[in-house]
Amino acid sequence: MRSQGSCTVVVGCQWGDEGKGKIVDVLAEDVHIVARYQGGANAGHTVHVGEHEFILHQIPSGVLHQGKRCLLGNGVVLDIRQFFEEYDALLDRGIELDGRIGVSRRAQLLLPYHRLLDKAVESAAATKIGTTGRGIGPAYEDKAGRRGLRVADLGNPEWLLKRVAAAQERVTHRLEQLGASATDELAAAMREALDLGERLLSISTDAGPEITDALIAGKSVLLEGAQGTALDLDHGTYPFVTSSNTTAASAATGTGIGPTLIDTVVGVVKAYTTRVGEGPLPSAFSPEMDEHVRALGGEFGATTGRPRRCGWFDSVLARHAARVNGLTGIAVTKLDVLDTLSTLEVVTAYRMSDGSITENFPADTWSLSSVKPIYESLPGWEAPTGHVHRLQDLPANARAYLDRIQELSGAPVRWVSVGTKRSQIIPVG
Ligand code: IMP
């Protein structure tokens, strides 16, 4: 199968919150279709258009460009109620959506009991993951356990109601085991969600063929990842991960296109590192620095408002991300947040507890909690960068910092973001 078009995946290379929303928004200008391939309402993609801020949880960030078709692929777990809340909020803010949004008929439904379960499991767990509480883990468990419901099932009420009744019985039992109980509101919430079924069916589509046909016809497509490589179910810091494959290969399975149709993979890295939720962060700052950079970068979760832990740029993780995702380029975001620092540190390798040194991201998450990062110091630029539009106009030390990130990561820097506005992005090369 030969594509005349172009297909780009945008993927997070750290623990999410790298600024993918902004990069997708900027790249979306030149494409016909933007599609999400995994995750659900746990994502919070922040995009600034003029003076307006939009936080998108399920609808792809490309939606803010008039006329672009935005799809949610089969790999997504779709929270129907929240989806339509987001949809209607966009309409209220004057975004034209007619014929623009399509949801894969193969996408899994995330129903109110998934959220209840998520919270109950998390509060009963000895090892907490720090989930967003959006029901993601239980919804993917149902998918893998072949108990889930898909968008297409909304067209078969008899089958749907039978499955929902079985699910409610199972969930009630599980909640009791966890020392919780189904709230009185659950039945009402379920009715409300299922009442939206027809509306959802009316915008459902077969996303795989739609994207494939568009590519064969010479159109361009952007596949938008959520969360980041270190939160990938297989390649992240398991078990402190989300319940889907966030990495680039999943863009094919999560939309229903063949992997050979993908030609570009853009990895998004923040110029430093952040993490929200539990699990190790090897390059974590000292408490004072943590607070300082959190304030400079506004590092609070877009979905939950939780403070993000902050640390130095970790090239061990960046190299892992470059390999797992097959990156063809990197977008470095939030460089401007580092403008006032006099010295910057970059992790080049980890010293393990047995004294050995590794440049590879360890599979053993517990060892990651005790590694001692080996840092390289680089001079800061101590000058504002937010107004810069060309690479050559960045301070020399900022360019040296980007060069080092590129060298250590093994993938070329293609974009640098120096602020929240659409105009604050510097194309490289
Ligand atoms: P879940 O995806 O809600 O199950 O959460 C699992 C882990 O992924 C937790 O550590 C969350 O904080 C983290 N996580 C999930 N979605 C995001 C995101 O969009 N940005 C950053 N972290 C996330």
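In the predicted model, E278 is found in the loop between β12 (273-275) and α10 (287-297). E278 is partly exposed, with 41% relative accessible area. Beyond its neighbours within four places in sequence, E278 is in contact with K128, I129, G130, F240 and R309. R309 is 31 residues away from E278 in sequence. Their C-alpha atoms are 9.8 Å apart in space.

Across the whole structure, 7 aromatic pairs are found. In one of them, the ring centres of F240 and W366 are 5.6 Å apart and the planes stand at 80°. The F240 and W366 pair is edge-to-face because planes over 60 degrees apart fall in that class. F240 lies in the loop between β10 (220-224) and α9 (250-253). W366 lies in helix α12 (residues 365-368), so the pair ties together parts 126 residues apart in sequence. F240 is buried, at 8% relative accessibility. W366 is exposed, with a relative accessible area of 53%.

Y350 and F361 also form an aromatic pair. Its centre-to-centre distance is 6.4 Å, and the planes are 50° apart. This pair is tilted. Y350 belongs to strand β16 (residues 343-351). F361 is in the loop between β17 (357-358) and α12, so the parts tied together are 11 residues apart in sequence. Both Y350 and F361 are buried. Elsewhere, ring pairs link F83, F84 and Y87 into a cluster.

The peptide bond from Y238 to P239 is cis, and its omega is near 5°. Q227 is found in the loop between β10 and α9 as well. Q227 is not a glycine, yet its phi is positive, at about 55°. Q227 is buried, with 9% relative accessible area. Most residues other than glycine have a negative phi, and most peptide bonds are trans. D17 is another residue other than glycine with a positive phi, here near 60°. D17 sits in the loop between β1 (6-12) and α1. At 25% relative accessibility, D17 is partly exposed.

Helix α1 (residues 20-28) is mostly covered. Of its 9 residues, 9 are buried. Charged residues are among them: K20, K22 and D25 are buried residues of α1. The buried residues also include I23, V24, V26 and L27. Leaving aside neighbours within four places in sequence, S61 is in contact with G21, V24 and D25, among others. Its contacts also include H45, V47, L56 and E224. S61 itself is placed in the loop between β4 (52-56) and β5 (69-72). Its relative accessibility is 0%, so S61 counts as buried.

Helix packing was examined next. Two packed helices are described by the angle between their axes and the distance between the axes. The axes of helix α5 (residues 157-177) and helix α6 (residues 185-195) come within 13 Å. They cross at roughly 155°. This angle makes α5 roughly antiparallel to α6. The crossing of α5 past α6 is right-handed. On the α5 side, the contact is made by L160, V164 and Q168. On the α6 side, L186, M190 and L194 take part. By class, the residues of this contact comprise 5 nonpolar, 1 polar and no charged.

Helix α6 also packs with helix α3 (residues 112-124). The axes of α3 and α6 come within 8 Å and cross at roughly 135°. The two helices are therefore oblique to each other. In α3, the residues that meet α6 are P112, Y113 and L116. Their partners in α6 are L186, A189, M190 and A193. This contact has 7 nonpolar residues, no polar residues and no charged residues.

Definitions and conventions:
Residues numbered from 1 in each chain as written. Predicted model: local features only at pLDDT ≥ 70, side-chain atom pairs only at ≥ 80, totals over all residues. Heavy atoms only, no water. Axes fitted to C-alpha atoms, helices over the stretch in contact; angles between N-to-C directions. Helix = DSSP H or I, 4+ residues; strand = E, 2+ residues; numbered from the N terminus. Parallel < 35°, antiparallel > 145°, perpendicular 65-115°, else oblique. Left-handed = near helix turned anticlockwise from the far one by under 90°. Contact = heavy atoms within 4.5 Å. Phe/Tyr/Trp six-rings, centres within 6.5 Å; stacked < 30°, edge-to-face > 60°. Buried < 20%, exposed > 50% of the residue type's maximum accessible area, 1.4 Å probe, protein only.
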